[in-house]
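I open my notebook and start looking things up. My notes follow below the picture.

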Amino acid sequence: MRTTPGGVPVSAVDPFGDDFLADPFRWHGDLRDTGPVVWLERYGVWAMARYAEVHEALRDWATFCSSAGVGLSDFRRETPWRPPSLLLEADPPEHSRARTAVARALTPRTVRGLRDDFSYAAIRLAGELAGRGTVDGVADIAEAFPLRVFAEAVGLAEPGGEQLLAYGNMAFNAFGPRNELTMASLRQAAEVGAWIAAQCARDALTPGGLGARIYASVDDGAISADEAALLVRSLLTAGVDTTVIGLGCALDCLARDPAQWQLLREDPTRAGAAFEESLRYASPVQTFFRTTTRDVTVGGVLIGAGEKVLLFLAAANRDPRRWDDPDRFDLRRRANGHVAFGFGIHACIGAAMARLEGEVLLEALARRVGRLELAGEPRRRLNNTLSGFASLPLQLTPAEPWSPGVAAAG
Ligand code: 8QM
(Lines give C-alpha, C1' and ligand atoms only; values in the text may rest on other atoms or scores of the structure.)
Protein backbone atom coordinates (compact mmCIF):
# COMPACT_ATOMS: atom_id res chain seq x y z
CA MET A 1 0.00 0.00 0.00
CA ARG A 2 1.36 3.43 -0.93
CA THR A 3 1.52 6.01 1.83
CA THR A 4 2.32 9.69 2.23
CA PRO A 5 5.72 10.52 3.76
CA GLY A 6 3.77 10.68 7.03
CA GLY A 7 2.62 7.06 6.59
CA VAL A 8 -1.02 7.77 5.61
CA PRO A 9 -2.53 5.48 2.95
CA VAL A 10 -2.83 7.14 -0.45
CA SER A 11 -5.41 6.51 -3.14
CA ALA A 12 -5.18 7.61 -6.76
CA VAL A 13 -8.95 7.13 -7.23
CA ASP A 14 -10.95 9.99 -8.76
CA PRO A 15 -14.34 9.81 -7.01
CA PHE A 16 -15.72 12.33 -9.54
CA GLY A 17 -14.49 10.55 -12.64
CA ASP A 18 -16.94 8.85 -15.00
CA ASP A 19 -15.58 5.37 -14.17
CA PHE A 20 -16.25 5.93 -10.50
CA LEU A 21 -19.64 7.64 -10.90
CA ALA A 22 -20.89 4.95 -13.29
CA ASP A 23 -20.54 2.31 -10.56
CA PRO A 24 -19.51 3.93 -7.27
CA PHE A 25 -20.11 0.90 -5.05
CA ARG A 26 -17.44 -1.07 -6.87
CA TRP A 27 -14.83 1.36 -5.49
CA HIS A 28 -16.03 1.77 -1.93
CA GLY A 29 -14.64 -1.48 -0.53
CA ASP A 30 -11.09 -0.50 -1.49
CA LEU A 31 -11.50 2.96 0.00
CA ARG A 32 -12.81 1.52 3.28
CA ASP A 33 -10.08 -1.13 3.43
CA THR A 34 -7.27 1.28 2.62
CA GLY A 35 -7.66 2.84 6.07
CA PRO A 36 -9.86 4.90 8.37
CA VAL A 37 -8.48 8.02 6.68
CA VAL A 38 -7.16 8.08 3.12
CA TRP A 39 -5.29 10.78 1.22
CA LEU A 40 -6.84 11.38 -2.22
CA GLU A 41 -3.84 12.60 -4.16
CA ARG A 42 -5.87 13.57 -7.22
CA TYR A 43 -7.45 16.47 -5.31
CA GLY A 44 -5.19 16.86 -2.27
CA VAL A 45 -8.00 16.09 0.17
CA TRP A 46 -8.65 13.54 2.90
CA ALA A 47 -11.38 10.93 2.71
CA MET A 48 -13.28 8.70 5.12
CA ALA A 49 -15.37 5.77 3.90
CA ARG A 50 -15.96 3.72 7.05
CA TYR A 51 -19.18 4.12 9.02
CA ALA A 52 -17.56 4.90 12.39
CA GLU A 53 -15.37 7.72 11.09
CA VAL A 54 -18.03 9.20 8.81
CA HIS A 55 -20.54 9.18 11.67
CA GLU A 56 -18.09 10.79 14.07
CA ALA A 57 -17.12 13.53 11.60
CA LEU A 58 -20.81 14.33 10.99
CA ARG A 59 -21.37 14.51 14.76
CA ASP A 60 -18.39 16.78 15.40
CA TRP A 61 -19.56 19.88 13.51
CA ALA A 62 -17.19 22.15 15.44
CA THR A 63 -14.13 20.32 14.07
CA PHE A 64 -15.57 19.32 10.69
CA CYS A 65 -17.29 22.53 9.69
CA SER A 66 -19.63 23.41 6.83
CA SER A 67 -19.13 27.16 6.44
CA ALA A 68 -16.19 26.67 4.04
CA GLY A 69 -18.61 24.78 1.79
CA VAL A 70 -19.56 21.11 1.71
CA GLY A 71 -18.12 20.59 -1.75
CA LEU A 72 -14.54 20.44 -2.94
CA SER A 73 -14.36 24.20 -3.33
CA ASP A 74 -13.04 26.03 -0.25
CA PHE A 75 -15.21 29.12 0.16
CA ARG A 76 -12.41 30.85 2.04
CA ARG A 77 -10.29 30.75 -1.10
CA GLU A 78 -12.73 30.52 -4.00
CA THR A 79 -15.93 32.36 -4.82
CA PRO A 80 -18.90 29.97 -4.69
CA TRP A 81 -21.04 29.59 -7.81
CA ARG A 82 -24.00 31.06 -5.92
CA PRO A 83 -24.44 32.85 -2.56
CA PRO A 84 -23.87 30.17 0.10
CA SER A 85 -26.85 28.40 1.66
CA LEU A 86 -27.67 29.75 5.13
CA LEU A 87 -28.41 26.18 6.17
CA LEU A 88 -26.11 23.74 4.42
CA GLU A 89 -23.05 25.95 4.14
CA ALA A 90 -23.14 27.50 7.61
CA ASP A 91 -22.04 26.72 11.17
CA PRO A 92 -23.59 27.62 14.51
CA PRO A 93 -24.67 30.14 15.59
CA GLU A 94 -25.79 31.36 12.13
CA HIS A 95 -26.81 27.86 11.12
CA SER A 96 -28.96 27.43 14.21
CA ARG A 97 -31.00 30.56 13.47
CA ALA A 98 -31.64 29.52 9.87
CA ARG A 99 -32.44 25.95 10.90
CA THR A 100 -34.94 27.12 13.49
CA ALA A 101 -36.79 29.21 10.91
CA VAL A 102 -37.06 26.25 8.53
CA ALA A 103 -37.95 23.84 11.35
CA ARG A 104 -40.84 26.14 12.33
CA ALA A 105 -42.13 25.94 8.76
CA LEU A 106 -41.58 22.23 8.29
CA THR A 107 -42.87 20.70 11.53
CA PRO A 108 -43.96 17.08 11.97
CA ARG A 109 -47.50 18.44 11.96
CA THR A 110 -46.96 20.21 8.64
CA VAL A 111 -45.73 16.96 7.14
CA ARG A 112 -48.66 15.00 8.62
CA GLY A 113 -50.92 17.57 6.98
CA LEU A 114 -49.45 16.72 3.58
CA ARG A 115 -50.12 13.01 3.88
CA ASP A 116 -53.61 12.87 2.43
CA ASP A 117 -52.72 14.98 -0.63
CA PHE A 118 -49.52 13.01 -1.24
CA SER A 119 -51.32 9.67 -0.84
CA TYR A 120 -54.07 10.67 -3.20
CA ALA A 121 -51.53 11.80 -5.82
CA ALA A 122 -49.63 8.51 -5.42
CA ILE A 123 -52.76 6.37 -5.73
CA ARG A 124 -53.85 8.29 -8.81
CA LEU A 125 -50.42 7.96 -10.46
CA ALA A 126 -50.24 4.22 -9.66
CA GLY A 127 -53.72 3.80 -11.14
CA GLU A 128 -52.74 5.65 -14.32
CA LEU A 129 -49.58 3.62 -14.82
CA ALA A 130 -50.51 0.11 -13.66
CA GLY A 131 -52.31 -0.77 -16.87
CA ARG A 132 -49.87 0.91 -19.20
CA GLY A 133 -47.38 -1.94 -19.55
CA THR A 134 -43.97 -0.44 -20.16
CA VAL A 135 -43.06 2.82 -18.43
CA ASP A 136 -39.91 4.74 -17.60
CA GLY A 137 -39.47 4.47 -13.86
CA VAL A 138 -37.57 7.77 -13.85
CA ALA A 139 -39.63 10.10 -16.06
CA ASP A 140 -43.05 8.55 -15.43
CA ILE A 141 -42.72 7.78 -11.72
CA ALA A 142 -39.61 9.06 -9.91
CA GLU A 143 -39.82 12.52 -11.53
CA ALA A 144 -43.56 12.72 -12.11
CA PHE A 145 -44.57 12.09 -8.51
CA PRO A 146 -42.36 14.58 -6.62
CA LEU A 147 -42.97 17.22 -9.26
CA ARG A 148 -46.73 16.80 -8.84
CA VAL A 149 -46.71 17.15 -5.08
CA PHE A 150 -43.67 19.34 -4.33
CA ALA A 151 -44.54 22.55 -6.21
CA GLU A 152 -47.91 22.65 -4.52
CA ALA A 153 -46.58 21.87 -1.04
CA VAL A 154 -44.03 24.70 -1.29
CA GLY A 155 -46.58 27.02 -2.88
CA LEU A 156 -44.87 27.69 -6.20
CA ALA A 157 -46.87 29.72 -8.70
CA GLU A 158 -45.96 27.38 -11.56
CA PRO A 159 -44.99 23.69 -11.70
CA GLY A 160 -41.51 24.43 -13.11
CA GLY A 161 -40.43 20.82 -13.28
CA GLU A 162 -37.73 21.37 -15.87
CA GLN A 163 -36.15 24.26 -14.01
CA LEU A 164 -36.27 22.49 -10.64
CA LEU A 165 -34.54 19.42 -12.07
CA ALA A 166 -31.93 21.48 -13.93
CA TYR A 167 -31.19 23.51 -10.80
CA GLY A 168 -30.77 20.39 -8.67
CA ASN A 169 -28.48 18.88 -11.26
CA MET A 170 -26.18 21.92 -11.22
CA ALA A 171 -26.20 22.33 -7.45
CA PHE A 172 -25.24 18.70 -6.84
CA ASN A 173 -22.63 18.68 -9.59
CA ALA A 174 -21.14 21.88 -8.18
CA PHE A 175 -20.19 20.12 -4.91
CA GLY A 176 -17.62 18.23 -6.97
CA PRO A 177 -14.67 19.58 -8.95
CA ARG A 178 -15.04 21.86 -11.96
CA ASN A 179 -15.08 18.84 -14.25
CA GLU A 180 -17.08 18.42 -17.45
CA LEU A 181 -20.23 17.46 -15.49
CA THR A 182 -20.12 20.64 -13.44
CA MET A 183 -19.25 22.91 -16.34
CA ALA A 184 -21.98 21.45 -18.57
CA SER A 185 -24.72 21.79 -15.96
CA LEU A 186 -23.63 25.30 -14.91
CA ARG A 187 -24.14 26.53 -18.47
CA GLN A 188 -27.78 27.02 -17.50
CA ALA A 189 -26.90 28.74 -14.21
CA ALA A 190 -27.90 32.30 -15.17
CA GLU A 191 -31.22 31.39 -16.73
CA VAL A 192 -32.34 28.71 -14.26
CA GLY A 193 -30.89 30.61 -11.29
CA ALA A 194 -33.01 33.64 -12.22
CA TRP A 195 -36.14 31.49 -12.42
CA ILE A 196 -35.37 29.96 -9.00
CA ALA A 197 -34.72 33.37 -7.45
CA ALA A 198 -38.04 34.66 -8.78
CA GLN A 199 -39.92 31.75 -7.16
CA CYS A 200 -38.30 32.55 -3.81
CA ALA A 201 -39.83 36.02 -3.54
CA ARG A 202 -42.57 36.36 -0.95
CA ASP A 203 -45.24 37.52 -3.39
CA ALA A 204 -44.51 34.58 -5.73
CA LEU A 205 -45.49 32.03 -3.05
CA THR A 206 -49.08 30.98 -2.42
CA PRO A 207 -50.44 31.34 1.13
CA GLY A 208 -50.39 28.22 3.27
CA GLY A 209 -47.42 26.61 1.52
CA LEU A 210 -44.01 25.84 3.05
CA GLY A 211 -42.51 28.92 1.39
CA ALA A 212 -45.07 31.22 2.96
CA ARG A 213 -44.49 29.52 6.31
CA ILE A 214 -40.78 30.38 6.10
CA TYR A 215 -41.69 34.01 5.44
CA ALA A 216 -43.79 33.96 8.62
CA SER A 217 -40.47 34.09 10.52
CA VAL A 218 -39.78 37.47 8.87
CA ASP A 219 -42.90 38.92 10.47
CA ASP A 220 -41.76 38.15 13.99
CA GLY A 221 -38.25 39.43 13.30
CA ALA A 222 -36.44 36.08 13.50
CA ILE A 223 -34.97 36.40 9.99
CA SER A 224 -34.83 39.05 7.26
CA ALA A 225 -36.77 38.83 3.99
CA ASP A 226 -33.50 38.23 2.12
CA GLU A 227 -32.73 35.35 4.46
CA ALA A 228 -36.22 33.90 3.94
CA ALA A 229 -35.68 33.97 0.17
CA LEU A 230 -32.43 32.03 0.56
CA LEU A 231 -34.13 29.49 2.82
CA VAL A 232 -36.88 28.94 0.26
CA ARG A 233 -34.05 28.45 -2.23
CA SER A 234 -32.76 25.69 0.07
CA LEU A 235 -36.10 23.89 -0.20
CA LEU A 236 -36.00 24.14 -3.98
CA THR A 237 -32.38 22.95 -4.15
CA ALA A 238 -32.55 20.08 -1.71
CA GLY A 239 -36.15 18.96 -2.08
CA VAL A 240 -36.60 17.76 -5.65
CA ASP A 241 -33.62 16.10 -7.30
CA THR A 242 -32.79 14.15 -4.15
CA THR A 243 -36.24 12.57 -3.97
CA VAL A 244 -36.30 11.96 -7.72
CA ILE A 245 -33.04 10.06 -7.48
CA GLY A 246 -34.13 8.28 -4.30
CA LEU A 247 -37.45 7.08 -5.72
CA GLY A 248 -35.70 5.86 -8.87
CA CYS A 249 -33.23 3.88 -6.75
CA ALA A 250 -36.07 2.36 -4.70
CA LEU A 251 -37.83 1.23 -7.89
CA ASP A 252 -34.58 -0.23 -9.19
CA CYS A 253 -34.04 -2.22 -5.98
CA LEU A 254 -37.57 -3.62 -6.09
CA ALA A 255 -37.62 -4.34 -9.82
CA ARG A 256 -34.40 -6.33 -9.59
CA ASP A 257 -35.61 -8.53 -6.75
CA PRO A 258 -38.98 -10.26 -7.24
CA ALA A 259 -38.84 -11.75 -3.73
CA GLN A 260 -38.55 -8.27 -2.19
CA TRP A 261 -41.36 -6.96 -4.39
CA GLN A 262 -43.45 -9.92 -3.25
CA LEU A 263 -42.75 -9.09 0.41
CA LEU A 264 -43.97 -5.57 -0.23
CA ARG A 265 -47.03 -6.79 -2.14
CA GLU A 266 -47.98 -9.15 0.69
CA ASP A 267 -47.96 -6.27 3.11
CA PRO A 268 -47.93 -2.83 1.46
CA THR A 269 -47.55 -1.19 4.87
CA ARG A 270 -43.90 -2.28 4.53
CA ALA A 271 -43.47 0.57 2.04
CA GLY A 272 -41.80 2.85 4.57
CA ALA A 273 -39.31 0.13 5.51
CA ALA A 274 -38.64 -0.61 1.84
CA PHE A 275 -37.91 3.04 1.11
CA GLU A 276 -35.64 3.33 4.16
CA GLU A 277 -33.64 0.28 3.12
CA SER A 278 -33.31 1.62 -0.41
CA LEU A 279 -31.86 4.81 1.06
CA ARG A 280 -29.27 2.81 2.98
CA TYR A 281 -28.55 0.59 0.01
CA ALA A 282 -28.34 3.26 -2.70
CA SER A 283 -27.48 6.51 -0.86
CA PRO A 284 -28.93 9.02 -3.35
CA VAL A 285 -26.56 11.66 -1.89
CA GLN A 286 -23.26 9.81 -2.06
CA THR A 287 -20.76 12.23 -0.56
CA PHE A 288 -20.27 15.51 1.23
CA PHE A 289 -17.16 17.39 2.26
CA ARG A 290 -16.38 19.05 5.54
CA THR A 291 -13.45 21.39 6.35
CA THR A 292 -11.36 21.02 9.49
CA THR A 293 -11.27 23.96 11.90
CA ARG A 294 -8.27 22.61 13.89
CA ASP A 295 -5.65 19.87 13.82
CA VAL A 296 -7.45 16.63 14.55
CA THR A 297 -6.30 13.00 14.81
CA VAL A 298 -8.60 10.36 13.32
CA GLY A 299 -7.65 6.68 13.28
CA GLY A 300 -4.08 7.65 14.16
CA VAL A 301 -3.87 10.12 11.25
CA LEU A 302 -3.19 13.79 11.94
CA ILE A 303 -5.33 16.01 9.75
CA GLY A 304 -4.22 19.63 9.80
CA ALA A 305 -6.51 22.63 10.26
CA GLY A 306 -8.21 24.05 7.19
CA GLU A 307 -8.24 20.81 5.18
CA LYS A 308 -11.04 19.38 3.08
CA VAL A 309 -12.35 15.95 4.10
CA LEU A 310 -14.57 13.92 1.78
CA LEU A 311 -17.17 11.82 3.64
CA PHE A 312 -18.44 8.82 1.70
CA LEU A 313 -21.98 8.48 3.07
CA ALA A 314 -22.69 5.72 0.56
CA ALA A 315 -19.64 3.68 1.59
CA ALA A 316 -20.54 4.09 5.28
CA ASN A 317 -24.04 2.80 4.53
CA ARG A 318 -22.54 -0.45 3.24
CA ASP A 319 -19.61 -0.79 5.61
CA PRO A 320 -19.42 -4.48 6.67
CA ARG A 321 -17.96 -3.23 9.98
CA ARG A 322 -21.44 -1.83 10.69
CA TRP A 323 -23.93 -3.85 8.60
CA ASP A 324 -24.55 -7.57 8.05
CA ASP A 325 -24.46 -8.56 4.40
CA PRO A 326 -24.42 -4.86 3.46
CA ASP A 327 -24.63 -5.30 -0.31
CA ARG A 328 -27.95 -7.08 0.03
CA PHE A 329 -31.17 -5.05 -0.31
CA ASP A 330 -33.56 -6.46 2.30
CA LEU A 331 -36.60 -4.49 3.43
CA ARG A 332 -36.83 -6.65 6.58
CA ARG A 333 -33.51 -5.29 7.82
CA ARG A 334 -33.25 -2.59 10.49
CA ALA A 335 -31.93 0.09 8.17
CA ASN A 336 -32.08 2.86 10.74
CA GLY A 337 -28.74 4.34 11.60
CA HIS A 338 -27.89 4.84 7.94
CA VAL A 339 -26.40 8.23 7.09
CA ALA A 340 -28.20 8.76 3.78
CA PHE A 341 -29.87 11.81 5.38
CA GLY A 342 -26.62 12.77 7.10
CA PHE A 343 -26.38 12.92 10.88
CA GLY A 344 -26.07 15.59 13.56
CA ILE A 345 -26.95 19.25 13.30
CA HIS A 346 -27.09 19.20 9.48
CA ALA A 347 -29.20 16.04 9.23
CA CYS A 348 -31.79 16.45 6.48
CA ILE A 349 -34.54 18.78 7.68
CA GLY A 350 -36.87 17.51 4.97
CA ALA A 351 -36.38 13.83 5.80
CA ALA A 352 -39.95 13.36 7.02
CA MET A 353 -41.31 14.80 3.79
CA ALA A 354 -38.98 12.65 1.68
CA ARG A 355 -40.00 9.56 3.67
CA LEU A 356 -43.64 10.44 3.20
CA GLU A 357 -43.14 10.65 -0.57
CA GLY A 358 -41.33 7.31 -0.65
CA GLU A 359 -43.80 5.55 1.57
CA VAL A 360 -47.03 6.65 -0.11
CA LEU A 361 -45.65 6.08 -3.61
CA LEU A 362 -44.30 2.58 -2.95
CA GLU A 363 -47.45 1.64 -1.05
CA ALA A 364 -49.70 2.79 -3.89
CA LEU A 365 -47.61 0.90 -6.45
CA ALA A 366 -47.59 -2.24 -4.32
CA ARG A 367 -51.39 -2.21 -4.22
CA ARG A 368 -51.87 -1.67 -7.96
CA VAL A 369 -48.95 -3.43 -9.60
CA GLY A 370 -48.73 -7.23 -9.46
CA ARG A 371 -45.36 -7.68 -11.11
CA LEU A 372 -42.66 -5.02 -11.34
CA GLU A 373 -39.85 -6.00 -13.70
CA LEU A 374 -37.01 -4.42 -15.60
CA ALA A 375 -37.96 -4.08 -19.27
CA GLY A 376 -34.48 -3.09 -20.48
CA GLU A 377 -31.11 -1.90 -19.28
CA PRO A 378 -31.34 0.98 -16.80
CA ARG A 379 -29.22 3.97 -17.78
CA ARG A 380 -27.30 5.55 -14.93
CA ARG A 381 -27.24 9.29 -14.48
CA LEU A 382 -23.79 10.72 -13.79
CA ASN A 383 -23.64 13.51 -11.23
CA ASN A 384 -20.79 14.52 -8.92
CA THR A 385 -22.94 13.99 -5.79
CA LEU A 386 -26.13 12.14 -6.67
CA SER A 387 -26.16 8.49 -7.69
CA GLY A 388 -29.12 7.04 -9.51
CA PHE A 389 -30.76 6.60 -12.87
CA ALA A 390 -31.43 8.66 -15.96
CA SER A 391 -33.89 6.05 -17.16
CA LEU A 392 -35.32 2.83 -15.78
CA PRO A 393 -37.41 0.81 -18.25
CA LEU A 394 -40.07 -1.05 -16.27
CA GLN A 395 -42.72 -3.58 -17.17
CA LEU A 396 -45.75 -3.19 -14.91
CA THR A 397 -48.34 -5.95 -14.69
CA PRO A 398 -51.56 -4.78 -13.03
CA ALA A 399 -52.53 -6.51 -9.79
CA GLU A 400 -55.48 -8.86 -9.96
CA PRO A 401 -58.45 -6.67 -9.05
CA TRP A 402 -59.47 -9.05 -6.24
CA SER A 403 -56.06 -9.15 -4.59
CA PRO A 404 -56.22 -7.85 -1.01
CA GLY A 405 -54.06 -4.75 -1.50
CA VAL A 406 -56.16 -3.42 -4.35
CA ALA A 407 -59.38 -3.64 -2.38
CA ALA A 408 -57.73 -1.78 0.49
CA ALA A 409 -56.66 1.00 -1.86
CA GLY A 410 -60.33 1.67 -2.70
C1 8QM B 1 -28.44 18.58 -0.02
O2 8QM B 1 -29.31 24.86 -0.56
C3 8QM B 1 -29.35 24.18 0.46
O4 8QM B 1 -29.54 24.66 1.56
C5 8QM B 1 -29.14 22.70 0.35
C6 8QM B 1 -28.71 22.15 -0.85
C7 8QM B 1 -28.48 20.79 -0.95
C8 8QM B 1 -28.70 20.00 0.14
C9 8QM B 1 -29.13 20.54 1.33
C10 8QM B 1 -29.36 21.90 1.43
C11 8QM B 1 -28.36 17.60 1.00
C12 8QM B 1 -29.52 17.59 0.09
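Helices (H or I, at least four residues) and strands (E, at least two) are DSSP runs, numbered from the N terminus. I number residues from 1 along each chain as its sequence is written. The model is predicted, so local features need pLDDT of at least 70, side-chain atom pairs count only at pLDDT 80 or more, totals for chains, interfaces and linings use all residues, and side-chain values use heavy atoms, with hydrogens and water left out.

**Entry: two positive phi angles**

I looked up Ser283 in the loop between helix H14 (271–282) and strand E6 (287–292). Ser283 is not a glycine, yet its phi is positive, about 45°. Is Ser283 buried or exposed? I count Ser283 as buried because its relative accessibility is 0%. Here buried means under 20% relative accessible area, exposed over 50%, and partly exposed in between (1.4 Å probe, protein chains only).

Next I took Asp325, in the loop between helix H15 (313–316) and helix H16 (351–368). Asp325 also has a positive phi, near 45°. I count Asp325 as exposed because its relative accessibility is 51%.

**Entry: a cis bond**

I checked the peptide bond from Pro92 to Pro93 and found it cis, with omega near 5°. Pro93 lies in the loop between strand E4 (64–65) and helix H4 (94–105).

**Entry: Ser185**

I found Ser185 in helix H8 (residues 180–186). Ser185 has 6% relative accessibility, so I count it as buried. Its side chain makes a polar contact with the side chain of Asn173 at 3.1 Å. A polar contact is a pair of N or O atoms within 3.5 Å; within protein, one must be able to donate a hydrogen and the other to accept it, and residues adjacent in sequence count only if both atoms are side-chain atoms. The side chain of Ser185 also reaches the backbone oxygen of Leu181, at 3.0 Å.

**Entry: Leu372**

Leu372 is in strand E10 (residues 369–374). Leu372 counts as buried because its relative accessibility is 6%. I compared Leu372 with Arg256: they are 116 residues apart in sequence, but 8.5 Å apart in space, C-alpha to C-alpha.

**Entry: the ligand**

Which residues surround the ligand? I listed Arg82, Ser85, Leu88, Phe172, Ser234, Thr237, Ala238, Thr242 and Phe288 (a heavy atom within 4 Å). Helix H11 (residues 225–238) gives the most to this shell, with three residues. I then looked at oxygen atoms of the ligand. A polar side-chain atom of Arg82 lies 2.8 Å from one. For Ser85 I noted 2.6 Å, and for Ser234 2.5 Å.
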